[in-house]
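Please read this briefing alongside the sequence and the 3D structure shown below. It is meant for someone meeting the structure for the first time.

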Amino acid sequence: MAISLVRIDDRLIHGQVVEGWMPRISSTCVVVASDEVSRDLVQRSVMELAAPARVKVVIDEVGRVVERINDHEFDAEQVLLLFASPDDMLRAMDQGLQCDKLNVGGLHYRPGAKQIADSLCVEACDVQAFTALVKKGVQVYFQPLPDERPVDIMEVINNPWCEYNP
């Protein structure tokens, strides 16, 4: 199996992913790991329609996605694996997902979140999850678009102006 990119982006499948990342990694399959989206028929339909017709779309609960990956279901694919939150990614790792690099694309404003970079708003729980992922040996970097320079997520969090600086 070739997981070409593991990404956190709360919008999941959208223009930046379809037009920017999928062609860059020659994605043949996009896997959305989201308990919420897997149970919402309207969101599922929107995600399926947003992807190019040539790309296989799989939407499932976080735990099931990990099982399916570990059962080698996607071995013949070039996979773009999407999570909506750092917590979902951390849960996947705790359930057996192997990952050494994680792209953070965007977490948009929600009540209680603070903006720490363009298109990156976090709560304390997000910072805790990012920190836990880094401690697990995952290289976590913020890079919304393929042509932008990747920035280590801890550099953003550890900036003196960041409210969540530990």
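Predicted model: local features only at pLDDT ≥ 70, side-chain atom pairs only at ≥ 80, totals over all residues.

Residues are numbered from 1 along each chain as its sequence is written, and side-chain values use heavy atoms, with hydrogens and water left out. Helices (H or I, at least four residues) and strands (E, at least two) are DSSP runs numbered from the N terminus.

**The sheet**

- An open sheet of mixed pairing is formed by 7 strands in the order E3-E2-E4-E1-E5-E8-E9, where two strands pair if DSSP finds at least two bridges between them.
- E3 and strand E9 (151–152) stand at the edges with a single partner strand each, so one side of each is left without a neighbour in the sheet.
- E2 and E4 pair in the parallel sense over 5 bridges, and Val 32 has Leu 82 in E4 as its bridge partner.
- E1 and E5 also pair in the parallel sense, over 3 bridges, with Ile 8 standing opposite Val 104 in E5.
- E5 and strand E8 (residues 139–142) run parallel and are joined by 4 bridges, and the partner of Leu 102 in E8 is Val 140.
- Strand E5 (residues 101–106) is largely enclosed by the rest of the structure, because 5 of its 6 residues are buried; buried means under 20% relative accessible area, exposed over 50%, and partly exposed in between, with a 1.4 Å probe and protein chains only.

- In helix H4 (residues 62–70), the buried residues are Val 62, Gly 63, Val 65, Val 66, Arg 68 and Ile 69.
- The cover over these buried residues includes the strands E1 (2–9), E2 (29–33), E3 (56–60) and E4 (78–83), together with the helices H2 (35–39) and H5 (86–94), where contact means heavy atoms within 4.5 Å.

- His 72, which follows H4, lies in the loop between H4 and E4; its phi is near 70 degrees, a positive value in a residue other than glycine, and His 72 is exposed, with a relative accessible area of 51%.
- Ser 26, in the loop between helix H1 (15–25) and E2, is likewise not a glycine and has a positive phi of about 55 degrees; at 48% relative accessibility, Ser 26 counts as partly exposed.

**Cysteines**

- The count of disulfides comes to 0, a disulfide being a pair of cysteine sulfur atoms within 2.5 Å.
- For Cys 99, the closest cysteine sulfur is that of Cys 29, 16 Å away, which is too far for a bond.
- Cys 29 is buried at a relative accessible area of 0%, and Cys 99 is buried at 15%.

**The largest pocket**

- The largest pocket has a volume of about 190 Å³; a pocket is an open set of points on a 1 Å grid over the protein atoms alone, where a 1.4 Å probe fits, with protein on both sides within 12 Å along at least five of seven lines, and lining residues have an atom within 4 Å of a point.
- H2, helix H3 (41–50) and H5 are the elements that give two or more residues to the lining of this pocket, and the largest share, 3 residues, comes from H2.
- Residues in the lining include Asp 10, Ser 34, Glu 36, Met 47 and Arg 91.

Key: Points joined across faces, edges and corners; volume = space filled by probe spheres on them.
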